Amino acid sequence: MAAGRRLQIVLLAFAACLLTTTLADAAGEKSTRPSEFLLLAQIALLIVVGRGLGELMQRIGQPSVMGELLGGLLLGPSLFGWLWPAAHTAIFPPSPEQKALIEGIAQFGILLLLLLTGMETDLKLVRKVGRAAATISIAGIVVPFVCGFSLGQLLPQSLLPHPESRLVASLFLGTALSISSVKIVAVVVREMNFMRRNVGQIIVATAIIDDTIGWIIIAMIFSLASHGTLDIFSVSQAVLGTLAFLAVSFTIGRRLAFRLIRWTNDYLVSSAAVITVILLLMSAMAMITHLIGVHTVLGAFVAGVLVGESPILTRQIDERLRGLISSLFMPVFFGLAGLSADLTVLRDPNLLLLTIALVLIASIGKFGGAFAGGALGGLTRKESYALASGMNARGSTEVIIATIGLSMGMLSQNLFSMIVTMAILTTMAMPPMLRAALSRLPLGDDEKVRLEREKFEQKGFVTNLERLLLAVDESANAKFAAHVAGLLAGERGLPITVLHVGARAKQQEGRREDAESHETVVRKAATASAEADQMNIHDVEVTTRARAERTTDAVVEEARKGFDLLVVGVENVLGKDGFDKKVEDATSRFKGPIALVAAKGIHLRQPAKAEFKILVAVSGSAVSRRGGEVAVALARLSTHPLNVVYVSTTRDKGTRRNSASMSLANEESILKDAAAAAARYDVNVNTTLRASAAPEEAILQEIRTSSANLVVLGVDRIQGDLLSFGSVAAAVLRKSKVSVLLIADGEPNRKD
């Protein structure tokens with residue numbers, strides 16, 4: 001069945017070739033003027049063949065980019081042009097004007113590919129394993145670079161387009177042999193489910209450093225090649241310009257990029273406005289790097305890193321850009337790179353031997369350098385072997401480097417074909433070698449604990465928040481809500497918008513003292529939370545809004561900008577027959593999760609200073625687990641243990657439990673899971689089982705027993721005309737003498 005599908009794909013691609021050729025001949029494109037028809041035919045052919053072969057590559061355990069590169073080789077002079085020269089010339093005419101059209105799309109594709117690569121760059125991961133990764137990266141670059149540079153100095157003049165520029169060609173060759181493709185490495189490691197293993201993190205972090213160093217080196221070589229000679233002043237200018245560009249980008253530029261993305265998302269109503277701004281940011285930074293004398297790819301890569309560091313909209317941006325880049329620009333660029341390579345030249349025994357030597361030097365140099373770097377970085381022999389196997393993949397990075405060298409006239413067509421062959425062979429050899437090496441690595445205890453925590457966080461509530469909306473008035477409860485919101489945001493440096501609502505909001509438009517005090521509370525809490533989690537953040541993005549319109553309209557206007565959680569803190573939470581009207585107005589049209597804060601006792605007297613003694617009720621439901629996550633996040637800053645009480649979700653008042661034969665294994669398992677979740681964050685836990693009492697009675701009794709000053713409940717929103725979280729939440733809110741935090745799901749549930 002699988003073989004039949006593969007054959008169908010190949011036949012479809014071949015039929016497309018024949019159809020395109022026929023149409024091209026019928027169109028009679030004989031003029032030198034570039035043809036839009038041929039451009040569309042070329043794009044369609046590269047996409048269908050590249051994506052089709054990419055599908056086949058993925059089915060046999062290879063990255064899809066290899067299929068796109070092989071698609072270009074099959075459509076180029078290596079096969080199609082060799083078997084049917086007339087048809088190849090008809091579809092891909094050699095006229096410079098026609099080639100310029102498709103090359104323009106491919107060049108823009110390079111920038112988009114580097115933008116996406118930058119977005120996938122995890123700087124936190126690099127910092128986490130930075131010392132080992134830096135040692136490995138330097139050793140893994142220096143050894144193959146020296147080998148490649150030495151080979152370039154020994155190459156015959158016939159392989160150099162400009163023998164007098166042998167130095168630049170040798171630098172290009174050394175760079176191509178020394179840099180690993182972070183995209184290929186990351187894809188393979190991710191597909192093998194080793195992305196979060198210790199050695200997997202080091203492999204990816206090392207590849208990130210490799211790629212970053214590689215683009216800086218290419219920027220330097222580009223400057224050198226542009227001047228033709230080793231101009232110390234020009235090269236120094238490019239080096240200093242690059243360092244200044246990087247310094248400004250990762251300081252001022254980081255904040256500007258985030259503010260620009262947030263402003264675009266908040267104030268522009270056109271569709272995909274954020275994507276438009278990101279593309280403009282990429283173009284601007286690429287032009288800046290061009291003006292300082294280095295290649296545009298560095299600007300696009302850094303722009304991607306800054307966009308990926310943005311704390312909001314990262315998932316949506318990544319999904320939208322990835323589809324366009326993967327479906328259009330990658331097949332065109334890598335297909336065009338394959339078209340530019342002519343593997344028929346390897347029929348020459350001398351060139352074939354040189355290509356084999358190039359592959360061996362690249363593989364041995366990179367493997368040996370990375371292995372030695374692993375040993376210097378403190379890795380075991382097995383870990384160093386796995387690392388060296390993973391770092392040997394060249395793939396997309398080498399093709400881009402070789403393409404730049406070919407376009408600048410620093411590499412000959414034959415040398416370009418040899419580098420492409422090396423990239424293909426080393427990349428195809430990497431997955432089976434890495435699989436074999438990683439399969440022999442045992443899982444350590446510390447690594448197992450970390451992996452379980454990360455698996456838990458992938459589906460977690462708190463860990464997937466990106467942006468918080470805090471709706472408050474001027475009350476002490478509002479200060480307490482600001483404190484709680486800051487603690488939740490500071491764990492991962494999330495941006496917060498403080499929305500001042502209520503009858504006195506109009507006064508706040510001209511008087512900012514109270515609004516600023518809320519902002520101060522948020523910042524202090526966020527900083528304390530970040531320090532407890534050992535996060536390296538210097539500031540928390542807090543935006544303050546004061547609106548005079550109705551509370552409902554104010555919340556709706558802000559909510560359209562995209563928030564994951566609404567935190568509500570107003571003076572009166574409860575009214576005569578339910579919730580206060582201000583609470584109703586704030587929550588009625590918000591579709592996402594809600595955190596409703598009701599400060600009592602010490603938290604009214606000291607909203608931002610009193611230490612938490614938290615009690616959280618669990619029942620095994622999804623909403624109770626969400627409440628448990630929030631309780632754990634808040635308990636990290638407390639010296640007191642987290643009190644977890646199991647409560648029944650029924651009102652049978654223990655009828656089911658009166659039978660001695662009934663087991664409590666399920667309830668005990670739920671408490672055990674809650675304790676394990678807290679232990680992942682080094683939070684001490686006291687557990688209590690109160691399955692025989694009504695839920696509200698069990699919670700109120702446990703408050704008295706545990707001396708808690710804050711109760712956290714995960715609750716459902718009950719569908720109806722008025723806001724309701726059920727009878728248990730209502731009873732606890734009214735009867736509890738300590739503060740209550742309700743964590744409600746996004747959509748109302750029907751009342752059973």
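Serine 707 is found in the loop that runs between helix H29 (695–706) and strand E9 (710–715); helices (H or I, at least four residues) and strands (E, at least two) are DSSP runs, numbered from the N terminus. The model is predicted, so local features need pLDDT of at least 70 and side-chain atom pairs count only at pLDDT 80 or more, while totals for chains, interfaces and linings use all residues. Residues are numbered from 1 along each chain as its sequence is written, and side-chain values use heavy atoms, with hydrogens and water left out.

The phi of serine 707 is near 60 degrees, a positive value in a residue other than glycine. Most residues other than glycine have a negative phi. With a relative accessible area of 48%, serine 707 is partly exposed (buried means under 20% relative accessible area, exposed over 50%, partly exposed in between; 1.4 Å probe, protein chains only). Aspartate 682 also has a phi near 60 degrees, positive in a residue other than glycine. Aspartate 682 lies in the loop between helix H28 (665–679) and strand E8 (685–690), and counts as exposed because its relative accessibility is 71%.

Valine 307 lies in helix H14 (residues 296–309). Its relative accessibility is 2%, so valine 307 counts as buried. The C-alpha atom of valine 307 is separated by 8.1 Å from that of glycine 118, although the two are 189 residues apart along the chain.

The axes of helix H9 (residues 166–178) and helix H16 (residues 349–376) come within 9 Å and cross at roughly 55 degrees; axes are lines fitted to C-alpha atoms, for helices over the stretch in contact, and angles run from 0 to 180 degrees between N-to-C directions. H9 is therefore oblique to H16 (under 35 degrees counts as roughly parallel, over 145 as roughly antiparallel, 65 to 115 as roughly perpendicular and the rest as oblique). Leu173, Leu177 and Ser178 in H9 meet Leu358, Ile361, Ala362 and Lys366 in H16, where contact means heavy atoms within 4.5 Å. The residues of this contact divide into five nonpolar, one polar and one charged (Ala, Val, Leu, Ile, Met, Phe, Trp, Tyr, Cys and Pro count as nonpolar, Asp, Glu, Lys and Arg as charged, and the others, Gly among them, as polar).

The protein chain has 30 helices and 10 strands. Of its 752 residues, 55% count as buried.
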